[in-house]
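Good morning, and thank you for joining this meeting.

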Amino acid sequence: MGRAHVSTQQLVAGRYRLLDIVHRETNRISWYGEDVEAERPCLVTQIGLPDDPALGCARNTTARVIRTGETIGMLCSGRVPAVFDAVEETGLLWIVNEWAGGTPLGELLTEQGPFTCVRAARIGLQVLDVLEAAHGQGITHGELSPGQVFVRDEGSVIVTGFGLAGATLAPRLSAPSYASPEQARDERIGPAADLWALGAILYTLVEGRPPFRDRGRPEATLKGVDRLPLRTPVRAGSLTQVVQGLLRKDSRDRLTRPVVRQALTRALTEDPGAPLETGPRPPRLRVAYAAALHAGSQWNRRTMVAGTALAVVTVAVAVLAATRGLPGDDTSASGPEARPPASAADPGASAGGGGGTAAPSASPPPTASPSPSPSPSDPTPPDKSPSPPPPRSSAPPGDGLPPGYHRYHAPEGFSVALPQGWKRLETLRQSDVAYRAFFGADGDHRLLAVTYSERVGPDPVAVWRDDVEPGLEQSGDDYRRIGDIRATTYQGRKAADMQWLIDDGDTRVRTFGRGFLIGDGRSFSLRWSTPADEWEEPASQESLRTFLDTFRPGAD
């Protein structure tokens, strides 16, 4: 396999800047990167191609990766990141995916040690969902390993690496410790190979080491996988039988997907309410993510806000949308999401639409002093108190902005005024129907999220109540709503406001969300999150007022 070294000063394919290493495995390095042309974060995976010409490409490697990525992306929207590009350079294969957030399982294991059986089973079930969808279309992953599974803070799983199996004549391009015995023997593989890899991942999560160790050379490692007996798991507990059943050398003897699902579901009854903690993003990744703002979405003190805004609400379900994402997680808190036309042309969205007429200023409800944030120990349920409405606008009318603000024009067509130093940090997309954009600044613990969706119901209150709140309640982060979900109007459109508190590590976070309809099942929502003890600070209140006053759903 190729062993070329890459300078982070060079651009891959002339456009992808490598910022920080996310995870390393045998013959695979995953980077947090930046697409300098599209100005967006991305996941760049570096894989060495075989040195031996006899093991060269059986097909057009890059085309296969892109084609398979597109197919599986349509089947598993929100659970498999989009493939932006695949490039061969100097003996290396570079795969560029959207940056969907999360931390690789291998990194979590290194930082936190072995997982509990419940935690491993929850991850296993979500990986099984993705494999089931792929296998149903005749797609075998073939390269599954802990480095290909990313976990977000709220527990949703992202699986990368589809399309590599069969891209060359090599039995396995990377992570040979997780190869199946039939791969090690260079035989034809199918879904059973992925089930073996799932068993090897579960084994690694609970035991803290892979079932077959890496021996330095791929051929030596593969030989061990094929010929050595399985080391008996000692920490697997309720997962022992399913792990051993998946790691049977003969693929015909392995457990089937229905049996595996039943076993993993049964393992959850050990502690069905146990939250799936993934912990904060590694410190070095926070630094890289700060290329866009410090740590982005689920990660550390900005973790606090981004982690809550992204984690408890990922792009797979969202605040104002009927889109359902990963099973068992809330995947939404701000309407689903989708990309609006750049012009936002729509009969019901004339304000700020494509006609160039600026939307009218937001019309917050009558002024009322925001109530202090309920303390986590306050015995009075916050949902029994009146919901504090957003403060009345003080921003100048029209395009006049408060001092220290600048207008940001999004490529999707919307615009909003941001404080100086703020910028777009990250964008999560769900196919072509939804997206969520995050805004903030390095060192600022507050966060604005703008969500767009094309799949919402006609009642904004019902969306918050029925699609968003149940997931927040099940997050395990001491969610508490503040007051009622309140119907209102915004820029002449049907809207609803909701506020809540939630824990992010040792920080209590308060969020105000406003979702509003723009016609034809489309919606936007704005979510403003701050540490609860900073909620009433004048700067925070001014920012909220300004966002509401200056947001325009289409190009103005």
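I shall begin with the overall picture and then turn to a sheet, a cavity, the nonpolar cores and a few single residues.

This is a predicted model, in which local features need pLDDT of at least 70 and side-chain atom pairs count only at pLDDT 80 or more, while totals for chains, interfaces and linings use all residues. Residues are numbered from 1 along each chain as its sequence is written, and side-chain values use heavy atoms, with hydrogens and water left out.

The protein has 12 helices and 18 strands. Here, helices (H or I, at least four residues) and strands (E, at least two) are DSSP runs, numbered from the N terminus. Of the 556 residues, 61% count as buried. Buried means under 20% relative accessible area, exposed means over 50%, and partly exposed lies in between, using a 1.4 Å probe and protein chains only. Contact means heavy atoms within 4.5 Å. Among contacts with a separation of 6 or more, 63% are between residues 24 or more positions apart.

Let us turn to the sheet. Strands of a sheet pair through backbone hydrogen bonds, either parallel or antiparallel. In this model, two strands pair if DSSP finds at least two bridges between them. An open sheet of 6 strands has the order 1-2-3-4-6-5, with antiparallel pairing. Its edge strands are strand 1 (11–12) and strand 5 (83–89), each of which pairs on one side only.

Which strands pair with strand 4? Strand 3 (residues 28–35) pairs with strand 4 in the antiparallel sense over 8 bridges, and I29 stands opposite Q46 in strand 4. These two strands form a hairpin with 4 residues between them, and E39 in the turn has a positive phi of about 55°. Strand 4 is also joined to strand 6, by 7 bridges, and the two run antiparallel. Here V44 has V96 in strand 6 as its bridge partner. Strand 4 is mostly covered, with 8 of its 9 residues buried. Strand 6 pairs with strand 5 as well, in the antiparallel sense over 6 bridges, and E89 stands opposite L92 in strand 6.

Next, the cavities. Rolling a probe the size of a water molecule over the atoms shows where empty space is left. On a 1 Å grid over the protein atoms alone, a cavity is a set of points where a 1.4 Å probe fits but cannot get out, and lining residues have an atom within 4 Å of a point. Grid points are joined across faces, edges and corners, and a volume is the space filled by probe spheres set on the points. A search of the whole structure finds 4 cavities of 30 Å³ or more. The largest cavity holds about 100 Å³ of space. It is lined by 15 residues, of which I95, N97, T160, G161 and F162 are the closest to its centre. Strand 4 (40–48), helix 1 (61–75) and strand 6 (92–98) are the elements that give two or more residues to this lining.

I now come to the nonpolar cores. In soluble globular proteins, nonpolar side chains tend to be buried together. A nonpolar core is a set of buried Ala, Val, Leu, Ile, Met, Phe, Trp, Tyr and Cys residues joined through side-chain atoms within 4.5 Å. The largest has 51 residues, and those with the most contacts inside it are L105, L239 and V242. Several elements give two or more residues to this core, including helix 2 (105–112), helix 3 (117–136) and helix 5 (191–207). Helix 3 gives the largest share, 11 residues. Not counting residues up to four places away in sequence, L239 touches C117, A120, A121, V206, L264 and A267. A second, separate core of 26 residues includes F414, L526, W535 and L548.

Finally, two loop residues. Are Q491 and D520 buried or exposed? Q491 has a positive phi of about 55° although it is not a glycine, and it is found in the loop between strand 15 (480–490) and strand 16 (493–504). Q491 is buried, with a relative accessible area of 5%. D520, also a residue other than glycine, has a positive phi near 60° and lies in the loop between strand 17 (507–519) and strand 18 (522–531). D520 is exposed, with a relative accessible area of 64%.

Conventions. On a 1 Å grid over the protein atoms alone, a cavity is a set of points where a 1.4 Å probe fits but cannot get out, and a pocket is an open set with protein on both sides within 12 Å along at least five of seven lines; lining residues have an atom within 4 Å of a point.
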